[in-house]
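Hi,

Here is the structure I promised to pass on. Have a look at it first, then read my notes below.

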Amino acid sequence: MSDLSTREKIHPGTAPGEDIALEIVGDGDFATTDMTLSIGPAHPATHGVFRIVLELNGERITAARPVIGYMHRGFEKLAEYRDFRQIKALVNRHDWLSGFSNELGVALVVEKMLEMEVPDRAQWIRMLIAEWNRVLNHLMFVGSFALELGAITPMFYAFRERDEIQYLLEAATGGRLHFTYNQVGGLKLDLPKGFLAESVRLSKLTQERLPDYFDLVLGNEIFQARTVGVGPLPPEVALSFGVTGPTLQAAGVPEDSRVTEPYLKYDEVDVPVHLGENGDSFDRFACLLYRIQYSLHIIDQIHDHLPAGPVNTKLPKMVKAPEGAAYQRIENPLGQLGYWLESDGGRTPWRLKMRTPSFSNVQSIPYLLEGMLVPDAISVLGSVFFVVGDIDR
Amino acid sequence: MGVMDQVELPKPVRYVFNWGRKFSLWCFNFGLACCAIEFIAASTSRHDFIRLGVIPFAHGPRQADLLVVSGTLTDKMAPAVKRLYEEMPEPKYVISFGSCANCGGPYWDSYSVTKGVDQVIPVDVYVPGCPPRPEALLDGIITLQHMIQHESLPDRIAGRRQDAVTLGADAPLTLEGR
Ligand code: SF4
């Protein structure tokens, strides 16, 4: 556990290379009163309906308090009223940018309870779609984070790629955001004809275009001025808050469930992990971009490996999990997602508990924002990657 | 709107007036959940609803003509939507985008989800889907424009005053209250 009292004081008001710290100065009589500023729940910078209450002393934030629950839709309770095959159509909506990964988690945990063998081909296809989904998710954040810092162009670039990938996935799954392609024991259908050729083409195309993002965003001086050194998250603090995913990797912790606890066939492919050094906004964003690159690298390997064979197993009319419980964690695009599923032997789960990455990631926001200037808060809020539905469930 | 809601314009003038209004809809996107992503997709290069005259750069509800509610409305959020709607100037239009906004969608039996924004604010066009495709939003916008072209402003505003939505009349609606 970390010792929060020994954290370094940071001065995020400085540009890279400068060491002038912006301090609030005043002579003896000059007094400021604290102001409370409530950002959200309908504010563009919080993408979604995240609300955060800031205590301000001038421009400097003295305390930040996230207010969550505006998007609480009651997934955990609703899952108790859907049967084991139906819950995946529900849970793929909590993190709406990673629909496939979410349903994959549920499929895996149900299969674990049923001790079901999933055909090889289905596992490889699941990996393929999950990695494409990761690319989709990260592209969205690349666009939105740049947008929040005032750059509109990356959003259009990101959506150019996103649209093509969405069309590709739609060909296989029929969905653009919420695929509902998994099924207990495999997949709904096999890949359509021509999918692989298109997937190979798109992977190549995206890899060719990726340097644009590196140059356009990471190489941009204004972007650097607004992110380098802003909101550094030390690894021990990140771990103590349970932060995972790109936010944790940016702090230099090589934690990725695909490597440390491989599921599906991740142990048969090479999964590189990019690590940041300082854990600041810049590193977090860089990690995101590298994760796109490495996902495409994994996709290329999957193209080479994809075996032939069936993609699903025959299911009984009614899927009933035996009494007991199981836990499965997977690497969602934003971090570690875990499902704890408990069954009393009936048709529906007795309890589904979700451990969602965004919920843990936002826990670090009060720590990060304290002592920061208001404009930098946008840079931190955008780079601690979260999806509001994933926080509130 | 001052005199506009009192006086019925002569037909040719009304035609031009409505034609002008329908192609300059400043839109405020109230993005709540998944559907907001498809709304953004509809605003980018491929689908591009700006060519229909819908401009998604309204700085806030006070500058907007069109409110697009995209996503799940929860009971905790409902007062904020209501307030947002009331901040918009007349004539104002609402598109409910997605099943959740229409009727609660996949959360029809959830304890915390409002079963449709039309319980809180009046809705002009419903776009179905979970999430609807961007093309569906384009279709919804064209439907709305068709409505605007053929409507009479005094009638609309008079109708508005009659069936004001009365949610919160018996219980105070506050942001903190829920
Ligand atoms: S209608 Fe579907 S996609 Fe849209 S907000 Fe609701 S659950 Fe999400």
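**Helix packing in chain A**

α5(A) and α6(A) are roughly antiparallel to each other, because their angle is over the 145-degree cut-off. Keep in mind throughout that this is a predicted model. The helices in question are α5 (residues 153–173) and α6 (residues 195–218) of chain A, which pack at about 165 degrees with axes 11 Å apart. Their crossing is left-handed.

If you want to pick out the contact on screen, the α5(A) side includes Pro154(A), Tyr157(A), Ile165(A), Leu168(A) and Leu169(A). From α6(A), the residues taking part include Phe195(A), Leu202(A), Leu205(A), Tyr213(A) and Val217(A). There are charged residues in it too: sorted by class, this contact has 13 nonpolar, two polar and seven charged residues.

α5(A) has another partner in helix α4 (residues 120–148) of chain A: these two axes come within 8 Å and cross at roughly 160 degrees. That angle therefore makes α4(A) roughly antiparallel to α5(A) as well. Here, too, the crossing is left-handed. Among the α4(A) residues in this contact are Ile129(A), Trp132(A), Leu136(A), Met140(A) and Gly143(A). On the α5(A) side you'll find, among others, Met155(A), Phe159(A), Arg162(A) and Gln166(A). The class breakdown for α4(A) with α5(A) is 14 nonpolar, four polar and two charged residues.

A few α5(A) residues turn up in both lists. Pro154(A), Ala158(A), Glu161(A), Ile165(A), Leu168(A) and Leu169(A) touch α6(A), and they also belong to the contact with α4(A).

Chain B has an open sheet of five strands, ordered β2-β1-β3-β4-β5, with parallel pairing. At the edges sit β2 (54–55) and β5 (125–127) of chain B, each pairing on one side only. Strand β4 (residues 93–97) of chain B pairs with β5(B) in the parallel sense over three bridges. To find your way around there, look for Ser96(B), which stands opposite Tyr126(B) in β5(B).

Helix α2 (residues 34–43) of chain B packs on this sheet, where it touches β1 (25–31), β3 (66–70) and β4 of chain B, and its direction makes about 130 degrees with that of β3(B). Helix α3 (residues 78–87) of chain B also lies across β1, β3 and β4 of chain B, running at about 170 degrees to β1(B).

Cheers

Note on methods
Residues are numbered from 1 along each chain as its sequence is written. Chains are lettered from A and ligands numbered from 1 in the order in which they are written. This is a predicted model: local features need pLDDT of at least 70, side-chain atom pairs count only at pLDDT 80 or more; totals for chains, interfaces and linings use all residues. Side-chain values use heavy atoms; hydrogens and water are left out. Axes are lines fitted to C-alpha atoms, for helices over the stretch in contact, and angles run from 0 to 180 degrees between N-to-C directions. Helices (H or I, at least four residues) and strands (E, at least two) are DSSP runs, numbered from the N terminus. Angles under 35 degrees count as roughly parallel, over 145 as roughly antiparallel, 65 to 115 as roughly perpendicular and the rest as oblique. A crossing is left-handed if the near helix is turned anticlockwise from the far one by less than a right angle, and right-handed if clockwise. Contact means heavy atoms within 4.5 Å. Ala, Val, Leu, Ile, Met, Phe, Trp, Tyr, Cys and Pro count as nonpolar, Asp, Glu, Lys and Arg as charged, and the others, Gly among them, as polar. Two strands pair if DSSP finds at least two bridges between them.
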